Amino acid sequence: MAERILTGIKPTGQLTLGNYIAVLKNLKQQMDRGECFIFIADLHALTLPIDPEVLRQNSIDLAAFYLAAGLDPKRSALFLQSSVPAHSELNAIMQNYLYMGELSRMTQFKEKSAKMKENAIGLGLFAYPVLMACDIILYDANIVPVGEDQTQHIELARDLVNRFNNRYGNILTMPKAEVRKVGKRIMSLSNPTVKMSKSDPKGDIFLKDDPAVIRKKIMSAVTDLGSEVKFDEENKPGISNLLTIYCALKDISISEAEQIFANYRYGDFKKAVADAVIDELVPFQERYRQIIKDKSYEDVLNEGAKKARAIANQTLKRVQKAIGLLIV
Ligand code: AQP
């Protein structure tokens, strides 16, 4: 089978450089490799409280960002998760094949729920990995490019596929997480020991930030003792994070970057990182603004949903039949 690639982002907030490096930066390369199903995870966005108008705007923004990153609708399907009902239907089935113990061990659930009052933690947040497994399974995706934070969820999806196939035969395709070597976890600029995250925006670079804001954020990023630009996540987390950002955007290895910056002081190094981010994001932002203006995302989302529904419904039927539901 040719590669089937599935990738998604939740429209929960302003997209960050972490999301860009994990998903958007690689989009063109993914389309060269195989058939891409790319979705806006709007049902997942409901797992934490969100204002309806904010959710709508974020979803439009995300569609425009995908297109600005080079998404080609002829070689991929871009769609809203909520526009393919099979996601919810398969979720209703698959929640019976993953267990409470497994779900309660998920790091993301533990981290997010730890910040909430117990009686405000929704069932959807707890069961998030079930729906995520369905997102993947529906498209027979064998490759799922993600940041490091999502690999535990992909492992759970693999367990589900194994469990299901052992019981019913070879029904589901086994997915595999693919994590970038450089840039698997972009950290906050103000606290490089925590992930840059759109729902906890401290020390984030947002994809819509003006160049002057980007420069200011990078120039005031937390750095470490010493003066050498060297990758050392334990002793130099701030510098290591900036090196990672630079390398991910320039597509070079960490040791190549260490050579480039061997004689740089922190200030000059930060200027170079700021230039790299601005060079990448300014043309991207121009394309984004044009797409928002001409609303070209509307047709793309419609067509994408049609393509996605056709494939997802086939998988859903296969599963329904396998478990003994009557298809009438
Ligand atoms: N800081 C990051 N470094 C590398 N990859 C990252 N990703 C997110 N943050 C970083 C990756 O981006 C993809 C889409 O993420 P998501 O929207 O599905 O949710 P997330 O992983 O929970 O990302 P956020 O930004 O932290 O969102 P919120 O705050 O809403 O939970 C995923 O592949 C993710 O790994």
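Predicted model: local features only at pLDDT ≥ 70, side-chain atom pairs only at ≥ 80, totals over all residues.
Let's start with Lys208, which is partly exposed because its relative accessible area is 37%. On this scale, buried means under 20% relative accessible area, exposed means over 50%, and partly exposed is in between (1.4 Å probe, protein chains only). Asp61 has a value of 11%, so Asp61 is buried. The side chains of these two residues, Lys208 and Asp61, meet in a salt bridge at 2.8 Å, N to O. Lys208 sits in the loop between S5 and H10, while Asp61 belongs to helix H3 (residues 52–68), so the bridge joins distant parts of the chain, 147 residues apart. A salt bridge here is a side-chain nitrogen of Lys or Arg within 4 Å of a carboxyl oxygen of Asp or Glu. Helices (H or I, at least four residues) and strands (E, at least two) are DSSP runs, numbered from the N terminus.

Residues are numbered from 1 along each chain as its sequence is written, and side-chain values use heavy atoms, with hydrogens and water left out.

The loop between strand S5 (176–179) and helix H10 (211–219) also holds Asp210. With 48% relative accessible area, Asp210 counts as partly exposed because it falls in the middle range.

Side chains of opposite charge can pair when their charged atoms come close. How many salt bridges are there by this rule? The count comes to 17. One of them joins Glu35 and Arg4, at 2.9 Å from N to O. Glu35 is in strand S2 (residues 35–40) and Arg4 in strand S1, so this pair also links distant parts of the chain, 31 residues apart. Are these two residues buried or exposed, or something in between? Glu35 is partly exposed because its relative accessibility is 38%, whereas Arg4, at 13%, is buried.

Another salt bridge brings together the side chains of Arg318 and Asp140 (2.9 Å, N to O). Arg318 lies in helix H14 (residues 297–323) and Asp140 in the loop between helix H8 (128–137) and strand S4 (143–146), so the pair ties together parts 178 residues apart in sequence. Arg318 is partly exposed at 30%, and Asp140 is buried at 12%. Salt bridges can also connect into a network, as they do for Glu3, Arg33 and Glu178.

## Aromatic rings

A pair of aromatic rings is described by the distance of the centres and the angle of the planes. Rings of Phe, Tyr and Trp (its six-membered ring) pair if their centres lie within 6.5 Å; planes under 30 degrees apart count as stacked, over 60 as edge-to-face and the rest as tilted. The structure holds 13 aromatic pairs. Among them is the edge-to-face pair of Tyr97 and Phe164, 5.3 Å centre to centre with 65° between the planes. Tyr97 is in the loop between helix H4 (86–94) and helix H5 (100–104), and Phe164 is in helix H9 (residues 151–168), so these distant parts of the chain, 67 residues apart, are linked. Both residues of this pair, Tyr97 and Phe164, are buried.

Phe261 and Tyr264 have ring centres 4.9 Å apart and planes at 90°, so this pair is edge-to-face as well. Phe261 is buried, at 1% relative accessibility, while Tyr264 is partly exposed, at 34%. Ring pairs also link Tyr20, Phe65, Phe284 and Tyr288 into a cluster.

## Around the ligand

The ligand is surrounded by 23 residues, and the closest are Thr12, Lys112, Asp149, Lys198 and Ser199. A residue counts as near if one of its heavy atoms lies within 4 Å. This shell divides into 6 nonpolar, 10 polar and 7 charged residues. Its largest share, 3 residues, comes from H1.

A side-chain N or O atom of Thr12 is 2.6 Å from a ligand oxygen, and for Asn19 the distance is 3.2 Å. For Lys195, a polar side-chain atom lies 2.8 Å from a ligand oxygen. The protein covers 98% of the 630 Å² of accessible area that the ligand has on its own, an area found by the Shrake-Rupley method with a 1.4 Å probe. Strand S1 (4–9), helix H1 (17–22) and helix H6 (107–114) are the elements that give two or more residues to the shell.

Note on methods. Polar contact = N/O pair within 3.5 Å; in protein donor to acceptor, adjacent residues only side chain to side chain. Nonpolar A, V, L, I, M, F, W, Y, C, P; charged D, E, K, R; others polar.
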